[in-house]
There are 2 protein chains.
Amino acid sequence: MAKRFSGEWWENVYQEFHEPALRRETLAKKRATLRMIAEYAGVSIATVSRVLNNSRRVNPEIARRVIEIANRLSYRPNEVARGLVKGKIKTFGIVVPDIDNPFFSKICKAIQNTVRKEGYSVFLYNTDGKPEREKEIIENLVQRLIEGIFMIAPRMNPKEILELSKEYGFYPIIVDSRVENVMLSAVWVDNVTAFIRATEHLIETGHRRIGFVAGSLNVANSRDRLKGYLLALENNGIEKDDSLIYEGDFMISSGYKAAEYLLSLENPPTAILCSNDLMAIGVLRYLHDKGIKVPEQISVVGCDDIDVTASLYPPLTTVKQPIYEMGEIAAKMMLKYIKTGKLPPNSILHADLVIRDSTAPKLSEVR
Amino acid sequence: MAKRFSGEWWENVYQEFHEPALRRETLAKKRATLRMIAEYAGVSIATVSRVLNNSRRVNPEIARRVIEIANRLSYRPNEVARGLVKGKIKTFGIVVPDIDNPFFSKICKAIQNTVRKEGYSVFLYNTDGKPEREKEIIENLVQRLIEGIFMIAPRMNPKEILELSKEYGFYPIIVDSRVENVMLSAVWVDNVTAFIRATEHLIETGHRRIGFVAGSLNVANSRDRLKGYLLALENNGIEKDDSLIYEGDFMISSGYKAAEYLLSLENPPTAILCSNDLMAIGVLRYLHDKGIKVPEQISVVGCDDIDVTASLYPPLTTVKQPIYEMGEIAAKMMLKYIKTGKLPPNSILHADLVIRDSTAPKLSEVR
DNA sequence: CTGTTAGCGCTTTCAT
DNA sequence: ATGAAAGCGCTAACAG
């Protein structure tokens, strides 16, 4: 018996099994199956399954033998087969606008790291910010029997997501997008308050003409940030000036263009508040190119606090989002959701302003 | 017949099907199956399958009816079931050291964008650069019947990967790691040459004491970059000085520490060459903190050319890697591999040096 | 052109 | 405690 496993155990297996199914398996792909182990151990396939899942008490002696054989054959359960009978596979989907944006990639990392510990895998999908792609992806994901989907900064509106989730039977968690009046679990940052704070910081340091570089306004967060900016102006008796608002797309290049536009104004701003760090980086770059000093001639504020911001020149004052935390919380919500079957409460995180050198601590005279 | 579909078609279905299996489906989850469509259309399940996969000619009238019913029931094939019979699912795995590193996230994006067009999904796994995790992940992936795995900058050595791929029966593609003398498809950048070039640029601009911030030396690329640096020194008759070599870990923080170390030397370098941009960012940050002017007092060179490098202050001279291209080529290799079943040839890309402002174009006097 | 049948590998009653 | 058997939803011969 022992010999059978040593060395070319495979040949023995081949000589021993003669049913066509087994023959095929042995020749084509040597992946071990429950059936092989069962046949080998002289027990039923059900018993093997029980042992390997220690689902019920099994004769210890048999269990030992089964486990040994499974190891020898380096058996790995076929998760697809298992998924078929269970009607689901231990996998989540992550749908993200742009994995190459450090903000999102950090969220993904957090999610991945958290769910991995519970044995879950993740499918990753990039939408490039295209709403039509989101639905497509969800359908694709559902066909694969995933258990839940993380919608990161989705373009689709929450109600639609809810409908789809009911129709297709998956758990959605919305990440980085405010969800109200809809029964959907979500985690997001209070952007309005954060941007009031950021704007007021600028106002406190003496600015009254503050340019605003928005992200795509079909994204709820962008609208909230804009709202915060507008509210702060209002609270401080500063009239809004639409020409100071520029809609970008969250990429470095659009920040560059925004700065170019804002500085071309007759009456240009003395400070620029950006909806994310990437665009702020673009702004800084334009200013450097033009030899405009930051913060002496113009102040710049970003949002996110991605890793590089502290290393820019000058180090960027920015709204620090709890990025990793957001991903981690989302993952935990999902896991709880799966386990208990009930909707975890939403989580609204706060974002601090991190004051660095791209804004002056005190500004007496502007321009 | 028509009426049956209108409005509460579901109730009709329920009233009509009484076999337990169908009863269960209808009540629990209203996912349509081939069987339901078949029963509904009054044809066999095989016919439905044929229609939906247009695998063989089917009576157009029947086809029409089947398709219509499928649409009404918003039928989506169960990919898991399909996977079970086919023995594989249209999915690849991506194994990456750190998805939060912009270099890697861009590669992932490229892969994802490319394979998506062929209907493939991707599982994403982060290893945090831990070799033991790689094997674990591969086994996990294999259980899920994926067709291929992209190993990005793997820590495991190629031979091991090859063995595993044979043992488990998946296609591996190595990305961003030199593979020689092993029958494995790979795409990588000629780092040695690139770093000879980078080092020589520094030498040409007058430097002879050049600090080198290496990445983890258990990564082949790091060793190659170091090798390029060393070769360039040798070619130019500069004796190597081990104290000028610092081993980091590719993160911003280690660049900071490296600079701290190098500048603390009795005879500090006049230029610092880094194995990636992130570490160069850390270096720049340290230099800013200490008020050391770049490039006047010290030159800095990075590697990768991630998006932010052009926006740093000063804009970073760096070895520009064809990042997106590398991911795209890898994806195409995989697709071809799957289709033809044979090993596509390796692809060795070249990296240009992009000279920006962190190195002086001409340096007459150093220090 | 269409239906019947036999699985894919695994879990899970239901008997024994 | 163990085995037999019935599927999970789909594909792919094999017959008509």
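Trainee: How are the residues and chains labelled, and what does the prediction limit?

Mentor: Residues are numbered from 1 along each chain as its sequence is written, and chains are lettered from A in the order in which they are written. Because the model is predicted, local features need pLDDT of at least 70 and side-chain atom pairs count only at pLDDT 80 or more, while totals for chains, interfaces and linings use all residues.

Trainee: How many residues of chain B are in contact with chain A?

Mentor: Two residues are in contact if their C-beta atoms, placed from the backbone, lie within 7 Å. Here 43 residues of chain B contact 42 residues of chain A. Helix 8 of chain B gives the largest share of that side, 7 residues; helices are DSSP runs of H or I, at least four residues, numbered from the N terminus.

Trainee: How are the two copies related?

Mentor: Two copies of a chain are related by a rotation about an axis and a shift along it. In this model, a rotation of 180 degrees with 0.0 Å of shift along its axis superposes chain B on chain A, with RMSD 0.1 Å. The copies are therefore related as by a two-fold rotation axis. The same surface serves both copies, as 98% of the contact residues of chain B recur in chain A.

Trainee: Which residue of chain B comes closest to the rotation axis?

Mentor: That is Phe123(B), with its C-alpha at 2.3 Å. Phe123(B) is also among the contacts of Ile94(B), including Cys108(B) and Phe150(B), when neighbours within four places in sequence are left aside.

Key:
Helices (H or I, at least four residues) and strands (E, at least two) are DSSP runs, numbered from the N terminus. Copies are superposed by least squares on the C-alpha atoms of residues with pLDDT of at least 70 in both.
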